[in-house]
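This briefing concerns the arrangement of secondary structure in one part of a protein model. Please consult the sequence and the structure shown below while reading.

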Amino acid sequence: MLNAKDIIQNLNFPAVVVDKQLKLMCTNSAYEEQISQQTEFSLLSELKKEKIQPFSPKELQVQGSNQIATVSMTELNGAFILFIHKVAPDLRKTANAFFSIVENSPNGILVHKNGEVLYANKQMANLLGFSCATDLIGLNFSQHMTNQDQILKDSFDAHEDKDFFEWEKHSRICLLRKDGTSQWVDALSCYYEIKGQKATLLHMRDITEQITLESRLEKLAKQDALTGLPNRLYITEYLEKTIKLANTLNYEASLLFIDLNGFKKVNDELGHHAGDEFIKAIAQRFKSVLRSEDVIGRLGGDEFVVVLNKTNKDLA
């Protein structure tokens with residue numbers, strides 16, 4: 001007659017014999033080597049709660065750990081043989097944890113195939129002005145990008161030769177929100193393949209504050225602090241562009257240098273505060289008499305310069 005103990009000893013995977021009250025009777029060598037006391041206690045506790053049909057594999061959670069055991073059981077001579085086919089990490093919990101991280105990420109995450117949105121998280125919906133992430137599913141993402149990002153639009157279906165999960169460089173994208181307003185983001189894209197289907201993953205970070213700060217700093221770098229007029233740096237760059245454009249389109253432009261007479265006397269007799277107010281008043285008066293296409297800047301002190309577009313020396 002077959003003996004349960006002899007049967008399990010010849011198996012190369014963990015097995016255990018228990019009585020009808022699920023008390024441990026004997027184990028094989030693979031069980032002793034691979035199954036910890038915690039796992040044993042957990043499995044026996046779960047077996048008391050779960051009904052396992054003979055030779056029907058069942059997944060049981062190992063208490064106090066992120067593991068799951070695949071087991072099956074059969075009856076022999078009034079005892080039960082428990083076969084432990086596999087004890088492995090419970091990927092369901094890992095997947096759920098990962099999904100929760102993605103869903104609640106402070107950055108926008110979107111997956112698309114040739115522009116069609118397959119997945120978007122909550123922050124991606126916020127960046128595009130949608131109340132719910134599911135509203136993005138099936139939309140053409142390229143419609144939410146401004147014309148200046150045409151290059152990225154064209155790359156949507158041009159990644160057939162990319163390697164699995166190959167990250168591309170960062171790029172700044174100006175998104176078009178649902179309400180028509182703009183949203184600047186720093187985007188990182190990668191291409192990957194799932195079940196033979198290629199798709200693109202986009203990771204986007206809101207850089208509105210950064211863009212605003214950069215714009216402010218650039219403005220301060222090219223603006224005269226006292227009058228608000230363009231400074232020497234701006235005028236120099238603008239003049240170079242004006243000369244190139246005038247040569248290309250074959251028209252003339254004029255450059256005027258203005259130096260105020262007697263300004264030193266204002267500073268000496270009335271003080272520098274009065275001198276500053278005088279400079280600001282003069283600057284506004286200059287602006288009021290110029291055309292919209294002309295530009296006036298302050299070089300410093302009492303020196304100003306004016307660029308008159310499409311004028312010759314006689315008209316100037």
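Which helix lies across β12, β13 and β14, running at about 135° to β13? In this predicted model, that helix is α8, which spans residues 232–249. The protein as a whole comprises ten helices and 14 strands, and buried residues account for 38% of its 316 residues. Of the contacts between residues at least 6 apart in sequence, 43% join residues at least 24 apart.

**The three-stranded sheet**

- The sheet is open and consists of three strands in the order β12-β14-β13, with antiparallel pairing.
- Strands β12 (253–259) and β13 (295–300) are the edge strands; each has a single partner strand, so one side of each lacks a neighbour in the sheet.
- On average, and with direction ignored, neighbouring strands of this sheet are turned by 20° against each other.
- Strand β14 covers residues 303–309 and runs antiparallel to β12, to which it is joined by seven bridges.
- Within this pairing, Ala253 has Asn309 of β14 as its bridge partner.

- Helix α8 lies across β12, β13 and β14.
- Helix α10 (residues 272–289) also lies across β12, β13 and β14, and its direction is at about 10° to β14.

**Packing of α9 with α10**

- Helix α9, formed by residues 263–270, packs with α10 at an angle of about 140°, and the two axes are 6 Å apart.
- On the α9 side, the contact involves Phe263, Val266, Asn267 and Leu270; on the α10 side, it involves His272, Ala274, Gly275, Phe278 and Ile279.
- The residues of this contact comprise six nonpolar, three polar and no charged.

- Arg298 is located in strand β13.
- Arg298 counts as buried because its relative accessibility is 11%, and the cut-off for buried is under 20%.
- The side chains of Arg298 and Asp224 make a polar contact at 3.2 Å.
- With neighbours within four places in sequence left aside, the contacts of Arg298 include Asp224, Leu226, Thr227, Leu229, Pro230 and Asn231.
- Further contacts of Arg298 on that basis include Arg232, Ile279, Glu303 and Phe304.

Definitions and conventions
Residues are numbered from 1 along each chain as its sequence is written. This is a predicted model: local features need pLDDT of at least 70, side-chain atom pairs count only at pLDDT 80 or more; totals for chains, interfaces and linings use all residues. Side-chain values use heavy atoms; hydrogens and water are left out. Two strands pair if DSSP finds at least two bridges between them. Helices (H or I, at least four residues) and strands (E, at least two) are DSSP runs, numbered from the N terminus. Axes are lines fitted to C-alpha atoms, for helices over the stretch in contact, and angles run from 0 to 180 degrees between N-to-C directions. Contact means heavy atoms within 4.5 Å. Ala, Val, Leu, Ile, Met, Phe, Trp, Tyr, Cys and Pro count as nonpolar, Asp, Glu, Lys and Arg as charged, and the others, Gly among them, as polar. Buried means under 20% relative accessible area, exposed over 50%, partly exposed in between (1.4 Å probe, protein chains only). A polar contact is a pair of N or O atoms within 3.5 Å; within protein, one must be able to donate a hydrogen and the other to accept it, and residues adjacent in sequence count only if both atoms are side-chain atoms.
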